[in-house]
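Dear colleague,

Please find below the structure that I am handing over to you.

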Amino acid sequence: AYSVESDDDLSSVDLSIISWNVWFDQASSETRFPAILDELVSSHADIVFLQEVTPTFIQTYQHHASRNHYQLYTTSNAQSQYGLGYLTKQVIIKSKVVPLTSQYGRSAYFALLPISDTKGLVLINVHLESGQFEKVARGIQIEEIHTNHLPHFLAEVKQRYPKLAIVNTVWAGDFNLDGDEQHHVLVKYWLDAAIASSSGRTLMSSYDVDNNPLAMKTKSWFEQSSRLDRFYIPPQFTDQPMKYRLIKKNEQKNYSRLSDHYPIELKLQL
């Protein structure tokens, strides 16, 4: 965990960041959502990216002990249908929801978190177009975020907080990249944290239609297990130590009972 300190006292900051698509169905949400929040509290994560946040999830949080540990921020559509959210221990000092070219009303959720008096972390939370055959639509959304929306958000941050240095940018969420699908913008300008910290190990799927019983129920014809959920950071920050992992189970609980997506975690030392 971290706290905002003066730079004189700040040598390094260790951050634990989790991304989790939490929706599956309304019928089981009354039992799944409290269990998901229990797991997040016990994880001691500093920042949580959430996708497919619903009014029921928001209501569960409002009556859950996680309120003592985290502040919940959501996009407006999460209060009526489903949308994006953050759970953070620190106050988000600036945020912006940017609509993307989408037939489903998808957006990018930008946020700025203070790390110290003069340093900040930029977050980008996404749930990209979800159809198996919507690779082109996802590509357009990725280019919009990288080429237009992120530069505009950084410019707004600089104008409002001219003395704040951005120490990293974390782009995370459900990218819905199917199978071996890639995008030239992500390959050229961003570092896939799972690949960068894998040390040659086989990368496991966060949406596992072979072993996760919830994913088995929702998969469509010809759909394969995929690494839909990802973390990306700019390559210039690769000197910062990081560690990635897919969370499938702990000593007490199998996470396949909580969502059709497994959560992923990125640990960063800034």
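Asp 46 is buried, since its relative accessible area is 1%; buried means under 20% relative accessible area, exposed over 50%, and partly exposed in between, with a 1.4 Å probe and protein chains only. Asp 46 sits in the loop between helix 1 and strand 2. Here helices (H or I, at least four residues) and strands (E, at least two) are DSSP runs, numbered from the N terminus. The C-alpha atoms of Asp 46 and Arg 138 are separated by 29 Å, and these residues are 92 apart along the chain.

Before going further, please note that this is a predicted model, in which local features need pLDDT of at least 70 and side-chain atom pairs count only at pLDDT 80 or more, while totals for chains, interfaces and linings use all residues. Residues are numbered from 1 along each chain as its sequence is written, and side-chain values use heavy atoms, with hydrogens and water left out.

The loop between helix 1 (26-43) and strand 2 (47-53) also holds His 44. Is His 44 buried or exposed? His 44 counts as exposed because its relative accessibility is 55%.

Most residues other than glycine have a negative phi. His 44 has a positive phi, near 60°. Glu 52 is not a glycine either, and its phi is positive at about 55°. Glu 52 belongs to strand 2 and counts as buried, because its relative accessibility is 11%.

**The chain as a whole**

The chain has six helices and twelve strands. Its radius of gyration is 18 Å, close to the 18 Å that the globule rule gives for 270 residues, so the chain is as compact as a globular protein of that length. The radius is taken over C-alpha atoms, and the rule is 2.2 Å times the number of residues to the power 0.38. Along the principal axes, the C-alpha atoms fill a box of roughly 55 × 40 × 40 Å.

Of the 270 residues, 56% count as buried. Among the contacts in the chain with a separation of 6 or more, 70% are between residues 24 or more positions apart; contact means heavy atoms within 4.5 Å.

**Aromatic pairs**

How many aromatic pairs does the structure hold? There are ten aromatic pairs. Rings of Phe, Tyr and Trp (its six-membered ring) pair if their centres lie within 6.5 Å; planes under 30 degrees apart count as stacked, over 60 as edge-to-face and the rest as tilted.

One of the pairs is formed by Phe 33 and Phe 57, which are edge-to-face because their ring planes stand at 75°, with the centres 5.1 Å apart. This pair links distant parts of the chain, as Phe 33 is in helix 1 and Phe 57 is in helix 2 (residues 55-62), 24 residues apart. Phe 33 is buried, with a relative accessible area of 0%, and Phe 57 counts as buried at 0% relative accessibility.

Phe 231 and Tyr 244 have ring centres 6.5 Å apart and planes at 80°, so this pair is edge-to-face. Phe 231 lies in strand 10 (residues 229-233) and Tyr 244 in strand 11 (residues 242-246), and the pair links distant parts of the chain, 13 residues apart. Both Phe 231 and Tyr 244 are buried.

**Buried places elsewhere**

The buried residues of helix 2 are Thr 56, Phe 57, Ile 58, Thr 60 and Tyr 61. Their cover includes helix 1, strand 2, strand 3 (71-74) and strand 4 (83-88).

Val 126, in strand 7 (residues 119-127), counts as buried because its relative accessibility is 0%. Not counting residues up to four places away in sequence, Val 126 touches several residues, including Gln 51, Leu 84, Trp 171 and Phe 175.

His 183 lies in the loop between strand 8 (165-174) and helix 4 (184-189). His 183 is buried, with a relative accessible area of 11%. Leaving aside neighbours within four places in sequence, His 183 is in contact with Gly 139, Ile 142 and Glu 143.

Yours sincerely
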